[in-house]
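This report concerns the structure displayed below. Please keep the sequence and the model in view while reading.

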Number of protein chains: 2
Amino acid sequence: MDASDTSSGLLDPNRIAVIGATDREDSVGRALLENLSTFDGEVLAVNPNRQEVLGMTCYDSIGSVPEAASIDLAIVVLPAPAVVETLSTVGDQGIRNVVVISAGFSETGPEGQQREAELIAVAEEYDLDLVGPNSIGIMSTTTGLDATFLQGYPPEGSLSLMSQSGAFIAAVVGWAIQHDIGFNNIVSLGNEAVLDETDFIARWDDDSETDVIVIYIEDIDNGQQFIEAAREVTDHTPIVVLKSGRTEPGAAAAKSHTGSMAGSDDAYEAGFEQAGVLRAMTIQDVFDYGQMLAGQRLPETNTVGIVTNGGGPGVLTTDAIDDSRLELAAFSAETHERLDAQLPEAADIANPLDIIGDADLERFRNSIQTVLADDSVGAVVVLSVPTAVYEFAELAELIGELQAAADKPVVACLMGGEPADQAAERLASYGIPTHFDPSRAVASLEALADYSTIADRVYEEPAEFDVDRERAREILNQTLEREVSHLGVEAIELLEAYGIPTPDGEIVESPAAAETVAERIGGPVAMKIVSPDIVHKSDIGGVEVGVRLQEVAETYETLLDNAASYDSAADILGVRIEALVAPDESTETIVGATRDPQFGHLLLFGFGGIFVEIFEDIAFRTAPLTRREAKSMTEEIQAAPMLRGARGRRPADLEAVIETIQRLSQLVSEFPSITELDVNPLVVAPEDVVALDVRLTVDRDELSASE
Amino acid sequence: MDASDTSSGLLDPNRIAVIGATDREDSVGRALLENLSTFDGEVLAVNPNRQEVLGMTCYDSIGSVPEAASIDLAIVVLPAPAVVETLSTVGDQGIRNVVVISAGFSETGPEGQQREAELIAVAEEYDLDLVGPNSIGIMSTTTGLDATFLQGYPPEGSLSLMSQSGAFIAAVVGWAIQHDIGFNNIVSLGNEAVLDETDFIARWDDDSETDVIVIYIEDIDNGQQFIEAAREVTDHTPIVVLKSGRTEPGAAAAKSHTGSMAGSDDAYEAGFEQAGVLRAMTIQDVFDYGQMLAGQRLPETNTVGIVTNGGGPGVLTTDAIDDSRLELAAFSAETHERLDAQLPEAADIANPLDIIGDADLERFRNSIQTVLADDSVGAVVVLSVPTAVYEFAELAELIGELQAAADKPVVACLMGGEPADQAAERLASYGIPTHFDPSRAVASLEALADYSTIADRVYEEPAEFDVDRERAREILNQTLEREVSHLGVEAIELLEAYGIPTPDGEIVESPAAAETVAERIGGPVAMKIVSPDIVHKSDIGGVEVGVRLQEVAETYETLLDNAASYDSAADILGVRIEALVAPDESTETIVGATRDPQFGHLLLFGFGGIFVEIFEDIAFRTAPLTRREAKSMTEEIQAAPMLRGARGRRPADLEAVIETIQRLSQLVSEFPSITELDVNPLVVAPEDVVALDVRLTVDRDELSASE
């Protein structure tokens, strides 16, 4: 569903109808109705079995509510079997926004799944903007709307939160109240039968009251769609996501929990990176990042100045900065001079700037002001341990004023107990977070700097190379002709068809033909058995490299013998004779693609052998990818320095590697029936790359259907 | 100083004298005196310029205090120049325990350093147990002792904290009050002129009131001594350390802060590992770990059961467990059956055990009890989001009772705001921590499990091999004879002398001699230029491998030519002719040692080339090391699977690698004048190891002095 045409009503309604309103003790319907008492607009109760509920008139049906068509939002808390029919009556009235609290749908088994399918059909028929089912509701603090059955209501703010877990929202609300974390909207997504995370990020991007989008998810159904939407949103509005079910056991838990199939975490990681979504790993982090992004402007540089009245905390902060992508700022000469004039002799003019335990507010003022004024400083961390010289509240006010005047991001660590908590409120009024632990302050600042990079980046469309799609199709069609799903080196021309260099070579079926081809190619050649049944050719003696002309015929027989003794039933397509690739200064890499159920094709790049297998030094991106994204794959692996020419070697032809990744991306995007593809090795040399082998799997039904 | 003879008085005094007692507003002396008002024992004020201070009689000098000899502790808050002389008068009275609050010593420059040297001399003369100088004081909650000038006093508990940063203590005290974190002793170590961290860990190990030792440090002067002491302490008492100045910029900050030279973090990391010290990376972690260790018994296994009323939080916990060294427990069949009988149909009998949002206390009771009773469960995490069904305080009480009855470690996540904080107090009475964020609960549990492994481990003494120490000495003495500090392959017999295999070979100085040696060795040989001035022999054409007999003489000349064209002034000691080492199934590793200023020799093990240089895949341990420690080096590197025979290869001779590391450890321990030593490569094959080259540096002055 296109989010742009659903921009009003659901989260900013004036008139609300509660269908299933009741005053029964401990019921969800009653809790919800009580929570709605703070709502600025009108609340209408619908229940055919009641005349009145909690002092409100109770209507028989939605149709009997006066001016039912002007109801902005219907909240359904009926037993599951009654929901679908009710939705038709809601739709009949022209009401478009619905929250279905009722459980008993796809989360419960076949019957529920059927019920949910019917719900979706009705929603489509009436073009309903529907949250749930199995949602705990929605909140919108600008109108005092609390359409949930939770206890507690968070303060107003500019974070908007959505969650696939209702329990997560239940936990966060009470905690947010205590820690004064303000929200604009909160949405419990429930089963996401109609509206999902992709709809809400677009909606909140358009919402001037939302500065930061915070998401708790366990899976994303349509990863590609999410990436495309999020990529646009994150140009203006930061998205911070806590994706759980990260790890394999976690994913198993997610599966049994939501009845959904979690995608591999590599796909999520790649997708979030490409979409510019910031990923937090803990609940604490997701809100630390959210608050920082909501409160402070973006830094111009990732350099940090530290002002502290305690040495130890300054060192702890330095450690945290060094562990991050931030850097300690190098103060300018002018800053040094100014500080030298301002500070007592015992103070150490350095970064961190330790203004010593007897620092008063005036010394803090001078120091913070001076450091903020330094162009080489992108952001400032102000640390204070408690002293008898001033109250934290006074320092908080000072920090706030100085931050506002300088308009650079600031984070505080007022390190103490109760008084620090009180001071936190003053700092919050300037949008400045404060933490006891400097590592949290630094992590938040890092998120701010990361988002600054994201907001700056310009999205280019994936390149479209001139390729021979017809030829590629022919090669893939071999699978249909031969009724196999896997292809090996016999499909290497597929790569040529997409402009990825391969060695000159041919597949032959006799020793004589082998000699002819070897003669044409000239010089010693490489010979490889070609068989769909033999995956690890080298391991079974199926490959000979550097075969001289006079040995070619004999080697042909040897390869066949080796193949036969490995598997006498193996289907042998012949022997590939190909030109040798000079190994001088070359490195073996792998480029590949697998199809992920949520995100589509996932591209892979890494060094061969143990680097992939033991070090798991692999970069992933979803296809189709841009040149920048392909380039970043070659930069993010740990072994990247080897490509850049470490240890006295000439640098590899990086451009050719980047182009190969892009061409492979185009290949799998144009042939979605390819479920797996490995180019292994892709030999990378200083002046070119060459693909020596290929393995791929196709979904034959899909391939033939796409003909 | 031996800690065992200083076991009373300092931290459990009855009579205290404050030297420099004053009622001057905003003075340290006054703040200290006011804080001492809560002390259970007697406080005596000493100040020649006052008759009375804050209602207390003021004595002229320590000598004029009645029964001065029975004073257990003197606290000195005098200006720095008066301190040393005063300490003599203190010593004269037979008082042994002193805390010097006064600053103005080694932290301030040459004059202060001189003053500190004098202080140390006096302390030695009188055998004083002295904390400081430049300490903010000490606290001991069992007697209500607050001999600091801080605001606030923490609750009583079983953590004992020492810190090299006074600011750290100032920050922690207020925060501990707010979060109800209890302490036994708190010591601000100051400049550690006399007593340091090593003294206090031994003391607190003997102290029945201290369950866990928590340390904030920026450096350790004598790392070896600390390791030895801590290794014994951690058999009974967990030590959790927050070591800052971890990173290079951090270390620079530490240096300018404390005037001390920080050791390399690798040495600290290795030393802590060997000493069984748990390292935390943030302030939050150090106290999370400390509280868990103080409150809960050790788990029998590292398997965790999760009971939750919310799916999302359960998945988050699972993720955190999978990221840790803990494991999700597999519930027994009996547990499954029992849970199946107890729980409603919608509940998912799995781990995490989701007992669903409508769970009441009875369901929690049954589930927690059943999971705790399962032998396959080592520890339990109980998660609850707020619901209308029960109060957190009731659940807290229930968890506490069940934990006490089962006597297995439990950690809670009562996820909410204010009510969770109140429930935390009840849980604390059972020693059970609770966190909003499940990742913190899991991290604490991991620390508990880690300590369980530490407490179980048995320390064996480092092996002592039968070596030819005389021969080794002769080889090292070459540096004295030739007046060089570095030796290369000419010193390879040093390894033979210590039982590390090297190829048969000799250094020759003429083509003819080369031929003779090659003939004796037989077969093709390896030839290497021998020169202290050429470090990277291969890079300059100084090595030829597989030289046939007839080529030996010519190759000799070629190597010399290559050396000359690289550096015509290079000192050439000859050419080493040696037997070829078959590279079949062998791998090149590096074993080395460097001398760290704090920890002595640090041993290194890793794979050669890019594994060390780019992946930094290196294990470190301090020497002398035990077999277990040497073995753990071969296990902890990322490339470890390569040694175990990954990718179809035969496993390497691990025992030989482990023994080589131990022998190298013995070598550098017996010749401390070796400041650096690299065995590179140590070729590791399935049936042996062989060292192909060596490079070392000695401190010649030290070497000759040790003769």
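**Overall features of chain A**

The model is predicted. Chain A has 707 residues, of which 55% are buried. Its secondary structure amounts to 24 helices and 30 strands. The C-alpha trace of chain A extends over about 95 × 80 × 40 Å along its principal axes. Of the contacts in chain A between residues at least 6 apart in sequence, 72% link residues at least 24 apart.

Strand β6 of chain A covers residues 97-100. A:Asn97 and A:Val99 point one way from this strand, whereas A:Val98 and A:Val100 point the other way. Each of these four residues is buried.

| Strand pair in chain A | Bridges | Direction |
|---|---|---|
| β5 (residues 73-76) and β6 | three bridges | parallel |
| β6 and β7 (residues 129-131) | three bridges | parallel |

Individual bridges can be located within these pairs. A:Val76 has A:Val100 of β6(A) as its bridge partner. On the β7(A) side, A:Asn97 is bridged to A:Asp129.

Helices connect the strands. From β5(A) the chain passes through helix α2 (residues 80-92) of chain A to β6(A), and this β-α-β crossover is right-handed. A right-handed β-α-β unit is also made by β6(A), helix α3 (residues 110-126) of chain A and β7(A).

**The largest nonpolar core**

In soluble globular proteins, nonpolar side chains tend to be buried together. In this model, the largest nonpolar core contains 457 residues. Which of its members touch the most others? They are A:Val18, A:Ile75, B:Val18 and B:Ile75.

The surroundings of B:Val18 can be described in detail. With its neighbours within four places in sequence left aside, B:Val18 contacts B:Leu32, B:Leu33, B:Leu36, B:Val43, B:Ala45, B:Val46, B:Ile75 and B:Val77. B:Ile75, one of these contacts, is itself among the core members that touch the most others.

**Relation of the two chains**

Chain B is superposed on chain A by a rotation of 180 degrees, with 0.0 Å of shift along the axis and an RMSD of 0.0 Å. That relation is therefore the one given by a two-fold axis. Both copies use the same surface, since 98% of the contact residues of chain B recur in chain A. Which residue of chain B comes closest to the rotation axis? It is B:Phe615, whose C-alpha lies at 4.5 Å from the axis.

Notes
Residues numbered from 1 in each chain as written. Chains lettered and ligands numbered in written order. Predicted model: local features only at pLDDT ≥ 70, side-chain atom pairs only at ≥ 80, totals over all residues. Least-squares fit on C-alpha atoms with pLDDT ≥ 70 in both. Contact = placed C-beta atoms within 7 Å. Core = buried A, V, L, I, M, F, W, Y, C linked by C-beta atoms within 7 Å. Buried ≥ 20, exposed ≤ 12 C-beta atoms within 10 Å, placed from the backbone. Helix = DSSP H or I, 4+ residues; strand = E, 2+ residues; numbered from the N terminus. Pairing = 2+ DSSP bridges. Right-handed = clockwise from strand over helix to strand, strands pointing away.
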